[in-house]
Amino acid sequence: MVKNILRSRGNLSRAERSRKFWDSFMYWCFSLCGLSAIAAVCGIAAYMVLAGTPAINEIGLFHFLLGSRWEPTAPQPAFGVLPMILTSVAGTALSVLASVLVGTLTAVFLEELAPNRLRQAAQATAALMAGLPSVVYGLVGATLLVPLVGKAENALFRGSSSHIFTGGANLLSASILLTVMILPTAIQVGGISLRAVPRELREASLALGADRTETAFKVLIPAARPGIVTGAVLGTGRAMGEAMAVMMVSGNAVNFPLPFHSVRFLTTGIVTEMGYSSGLHRKALFSIGLALFVWILATDLILEALVQREGGGQSA
Amino acid sequence: MSGRLTAENFHLWYGENHALKGISLTVPEREVFALIGPSGCGKSTFLRSLNRMTDLVEGVKRKGRILLDGQDIYLPGIDVTRLRKRVGMVFQKPSPFPMSIYDNVAYGPRIHGVKARSQLDGLVEASLRAAALWGEVSDRLKKPALGLSGGQQQRLCIARALAVQPEVLLMDEPTSALDPLSTGKIEELILSLRSRYTVVIVTHNLGQAVKVSDQAAFFLDGTLVEWGPAPELFGMPKDRRTEDYITGRRSLDG
Amino acid sequence: MTAMMAILFYILLRGASKLRLSLLIGQPSPLKGEYGFLPGLVNTLYIVVLTLLAAVPVGIGAAVYLNEYVGRSGRPSRLVRLINLMVEALAGIPSIVYGLFGAVFFGEALRLGYSILTGSLTLSLMALPIIIRASQESLAAVPQCLREGALGCGASQWQMIWSVVLPCAKRGLLSSVLLAVGRIMGESAALLFTAGAAVNLPKNWLTHPLASGASLTVQMYLGVSSGKYIDEAFAAALALAAVLLGIYLLAGILGREDK
């Protein structure tokens, strides 16, 4: 009897039995929850491939990705998404460049030069702006930005007979709007990476007689570069994937991306036509979704690999 | 069932670090056994091995046996929660749960399936009395435990451990975070616990070890240098290293 | 910076002029020439509740798994690194892709059609990474000594989690749920092809999740793209921004108090 007093086998009380049961039951529940993230990504990937490949097979990968005509409802339909891809790339590149530039400078200003009060107010604003729904951005863009850009367009192309006027709903408006949308994140990430720069580095530079602006540009920004790059990649994902806001300011005609062209992004292509498409047309929209998914997943994974490598390098 | 602990050539590694090197000793029942030695000598690790709290650390390897009343506690099939019910523990930092005083003490009995209110009330009162805290808190059992002073919190943690009705009580430097007055109270409490429990206590404070212990063991660099009745170990240590430590002739803390 | 302030000011200016309670809790009625956001509001509430029902247990469960069961110390195992990577991936997938996936998986494969349920299940996948990340942080902030105290009393792992770890982290967990609520309330692209665009009040409160319904944001979008209800949309945007501000502030306060 004494021998078995610690063993779990043998006469268990009811409390012990129920405890054992719940302990292993909950372990399995939590494990399942833990695996849910993997299952979700795999499920999404599987269904996107399943729904996105038939149209690509039918159209041909080459014609799909590099075709320049998108006329899904014509008697002889064409499904080339090149203009949309180029538009997405151009719009994303423009807005990421602009927001990283402005965001980093703002972050430097806020962290290094601005009084505490202003910094706190700005951080709170940035946090709210980062959480504002895209529809709200789209609304402001459509009513505030588009008319302004329209005026500029009218002034620039006055008397031009070849220009198709967009009334302001064009690539330029979309890029500006995207810039504003990812700016809060750029400021936040920039701020975090600047705060992570060791104090000694800053003090060493100041002690050498550099003033605060010189210190910021020559020491802090280079030191904070990994963080800024992370911010840029995050912004790229957000800008690539944004649909609703862009939809409301970009004009939505399939054109090659020039600032004053009415354009259609990959995302807005899906939103515009999903409602009425059918057959191959609808399948082609899923192919666009697949292209987006693959692109963004690839950027994410590359970023993660970079971060893990840098992290490993720092700890070593 | 009396709470006698025996270690037989017990080794423990944290990854590559050989933290315990062949410890063999016997803790007699219903006595206070003090583990002393400089920081990092392995005394806390040994204490935590006695109720398998070292299981929580990843990458732990061990060799040798630890017996509780003759039964190996590391055999497969041993129910760790049953073991910990019999071998309770009090930690260095007072760590009451953020709930009421009553719920803190009732925590152990409840998880072991005691539901009846009257039984719980009895256990809570008995444990708080045994921990010399009843008089101070009997009128505010429903108040949050975090409102107590540090010394009271530690006595509450002792009451929490006693409420499970263990046979052995492990104490990991229970007074190192407390003021002298509270330390004195806890030392008296330890002496009063001796009649009913086997107590194993890790302490940095030699005066405390002399005051409370019946038996003592001196650890250095993961080895057990010597152990035996406290008056002998403190009065006429056999080993030169023990003598150096006790007389403070050489700082071993570095 | 100024641009951000300007945008907020603009929303305030244009929204405030039209903001009436009757607009937010009224119904659109073409006959009387009235407009109201009540249907969107009701649908959004349905979506928030249903999404949380699905995402909160799974999300907090995953955080518990990552924080309490695996990789408590030492190097994270390969499985943990994979899970973390997948959580990052989930956070990065654009909402439009979620929308497409929801439409083919929940809508077509599971035959739920255009419905609030389809939309909510889709959004619960989107909310998952938010809840997992924030919950993990608040679980990690629970002092280790409390876990040891519980285990030292002979508690099993689950008893320790249920009786000590989760209660201690409850403010942080609540904050993670609030962050998810904010995200759900603002989402539109993922709902367009899943929850649909019907601007109607529920006919039957119980079966409403199986009906199509536009959320507040989708109703705003529809109102604007029809070109008729721009000022009304601004009023709704102002109200939404105010609610979101409240939610994020509360989440921030709760999240901080844990630490």
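**Strands, fold and contacts**

Tutor: Chain B has ten helices and ten strands. Both are DSSP runs numbered from the N terminus: helices are H or I with at least four residues, strands are E with at least two. This is a predicted model, where local features need pLDDT of at least 70, side-chain atom pairs count only at pLDDT 80 or more, and totals for chains, interfaces and linings use all residues. Residues are numbered from 1 along each chain as its sequence is written, while chains are lettered from A and ligands numbered from 1 in the order in which they are written.

Student: What is the strand order in the open sheet of six strands in chain B?
Tutor: The order is β6-β7-β8-β3-β9-β10, and the pairing is mixed. Two strands pair if DSSP finds at least two bridges between them.

Student: Which are the edge strands?
Tutor: β6 (87-90) and β10 (223-229) of chain B, each of which pairs on one side only.

Student: How do β7 and β8 of chain B run, parallel or antiparallel?
Tutor: Parallel, with five bridges between β7 (residues 168-172) and β8 (residues 198-202) of chain B. One of the bridge pairs is B:V168 with B:T198.

Student: What does β1 of chain B pair with?
Tutor: Strand β1 (residues 5-14) pairs with β4 (residues 60-68) of chain B, antiparallel, over eight bridges. There B:A7 faces B:I66. β4(B) also pairs with β5 (residues 71-72) of chain B, again antiparallel, over two bridges. B:L68 has B:Q71 as its bridge partner.

Student: Which residue in the hairpin of β4(B) and β5(B) takes a positive phi?
Tutor: B:D69, with phi near 50°. The hairpin has two residues between its strands.

Student: New topic. What radius of gyration does chain B have?
Tutor: 18 Å, which agrees with the value near 18 Å for a compact globule of 254 residues. The radius is taken over C-alpha atoms, and the globule rule is 2.2 Å times the number of residues to the power 0.38. Along the principal axes, the C-alpha atoms of chain B fill a box of roughly 55 × 45 × 30 Å.

Student: And chains A and C: how many residues are in contact?
Tutor: 59 residues of chain A touch 58 residues of chain C. Contact means C-beta atoms, placed from the backbone, within 7 Å.

Student: Which element of chain A gives the most to that side?
Tutor: α1(A), with 20 residues.

Technical notes: Contact = placed C-beta atoms within 7 Å.
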